[in-house]
Amino acid sequence: MFRVDPKQAVLDHVSKQTAAGDSGRALSPEAEAIIATPVETTVSGAVVVGIAQVVEALLLAALGYGIYEFYVELGHPTFYVPVILASCLLANVLFNAGRTHRITAYRTVFSQVGRVLVAWLLVMTLLAVSIFFFKAGDLFSRVWLASWAVGGAVLLVAYRLALRGLVNRWTQLGRLRRRTVIVGGGKDAETLIEQVRTSASNDITLLGLFDDRYDARSPESVAGYPKLGKVADLIEFARRTPVDLVIVSMPLSAEKRVLDMLTQLWVLPVDIRLSAHMSKLKFTNRAYSYVGDLAVFDMADRPISDWNRVFKWVFDKIVAIVALVLLSPVMLVTAIAIKLESKGPVFFRQNRHGFNNELIKIYKFRSMRTDMADATAAKLVTKDDPRVTRVGKFIRKTSIDELPQLFNVLKGELSIVGPRPHALQAKADNKLYYDAVEGYFARHRVRPGMTGWAQINGWRGETDTIDKIMQRVNHDLYYIEHWSILFDLYIVLMTPVSLLSKNENAY
């Protein structure tokens, strides 16, 4: 079995055309039809499972404490509350051990209900035996214990049936299905599609196939699914319609073909899996991951997904709201100063590339004279640039001009921390950034940010040389691969320090 480092492969081999996304590339009519079809907002299965566990535990705890409050005359919550919490924790452990907290389990009736009731019976039995052996019968009401045991069983059945209805409804709408394409064609892809139909039809929505071969080995339609284009077309396709998962139908021995595919697709924020159905080698179960019951090898993961995406969203919103409250006097004074010095609007809006290359309009305080504004940033701002006003020079040096982007964060277009979004026509050494740096657009696999790892390391401001933009991109890629909430917090805390100590390139 070969080993490929997709990150290194991109840095070493990816073409400039691919890095730029081949924007505007003509797609097949079948691909355009899929793009034109409205798409339901997808929900992360991991997040659904996590929330379902918390809600279930809270309901059981509330029921146990509610019975205590209404029916127990003697006793003290000092004894009841810890027992209730410990019992709910144990129940959750047993529910997970019984594999009942999985999307596939939620879709069943008798399987999940039976396992849940058995687990709950074990919890209540253990609780009763513990009370007996510790001679705590005088401290706990038998009515309470019996009522919680029966009431908990009824609650669990009702909750699981309601959860099943919700999960099945979302599955039908496609909200729990990952939008998936296959790379590869022919008989091998046909076998893979049949396996998807039998073992993963509830977990993925198959859109079609992409294959570079145009001969008898790769027909225009495989098992009823159209060939949507070449692998390079998939980049444009995934930037115009949501794609969550790419399954590669290639043998493990086809190292060059897999490497070529990875060097093209690594710039996309998608999970890439290599199907194990073509491998004659058998590995231990831990060597595989699974899509439904379909065994696959992990080739690349989207950088921030599932609960990490939720945590980052919450972090962004909290920091943005707090920053707006604390910095509102600074923003007000800046707006007044801009208006007093020169004619024109206070704010400046500019198109930039956002997540997955989507176009967004970011807000900034205007720092240039209105008649000299450069909306596309075709010419970078340099030291003592005559286009910049006196107020503009100060707010650019201190990055106060970026503060209105807090509204972009609240709109969900930016994150607090991430690769800085660049102007569309920004150049280094007279080359557009994506022409100057191979793999440039891999930095758009996450949402861009107001500040970032590159900025606090001194790579902010003017990028007049290729080395400077390469340093910025390398720092951005490092951030993406090492992201964590603590990393974001560290960057936020270090940003004010870097504004004072590493601002020599900010004009």
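How many helices and strands does the secondary structure of the protein chain come to? I looked this up and found 18 helices and 14 strands. Helices (H or I, at least four residues) and strands (E, at least two) are DSSP runs, numbered from the N terminus.

**What I am looking at.** This is a predicted model, where local features need pLDDT of at least 70 and side-chain atom pairs count only at pLDDT 80 or more, while totals for chains, interfaces and linings use all residues. Residues are numbered from 1 along each chain as its sequence is written, and side-chain values use heavy atoms, with hydrogens and water left out.

**Whole chain.** I checked burial next. Of the 507 residues, 49% count as buried. Buried means under 20% relative accessible area, exposed over 50%, and partly exposed in between (1.4 Å probe, protein chains only). I also looked at contacts, meaning heavy atoms within 4.5 Å. Among those between residues at least 6 apart in sequence, 75% join residues at least 24 apart.

**Helix H7.** I then picked H7, residues 110–133. Its 24 residues reach 34 Å from first C-alpha to last, close to the expected 34 Å. The expected span is 1.5 Å times one less than the number of residues. The buried residues of H7 include Val116, Trp120 and Leu127. Among the elements covering the buried residues of H7 are helix H4 (45–71) and helix H8 (142–173). After H7 comes Lys135, with a positive phi near 50°.

**Cores.** A nonpolar core is a set of buried Ala, Val, Leu, Ile, Met, Phe, Trp, Tyr and Cys residues joined through side-chain atoms within 4.5 Å. The largest one has 77 residues, and Phe237 is one of those that touch the most other members. Helix H12 (residues 306–341) gives the most to this core, seven residues. Apart from this core lies another, of 24 residues, including Leu127 and Trp144. I noted a general point: in soluble globular proteins, nonpolar side chains tend to be buried together.

Which residues does Phe237 contact, leaving aside neighbours within four places in sequence? I found Leu27, Ala31, Ile34, Ile35, Val181, Leu207, Phe210, Leu228 and Val243.

**Surface.** Where does Leu326 sit? I found Leu326 in helix H12. Leu326 counts as exposed because its relative accessible area is 61%. I also found Leu326 in a nonpolar surface patch of about 840 Å², along with Trp313 and Phe407, among others. H12 gives the largest share of that patch, seven residues.

How values were computed: Patches are made of residues with over 30% relative accessible area and no salt bridge: like charges are joined within 9 Å, nonpolar side chains (Val, Leu, Ile, Met, Phe, Trp, Tyr) within 5 Å. Accessible areas come from the Shrake-Rupley method with a 1.4 Å probe; for residues, only the protein chains shown count as cover. A salt bridge is a side-chain nitrogen of Lys or Arg within 4 Å of a carboxyl oxygen of Asp or Glu.
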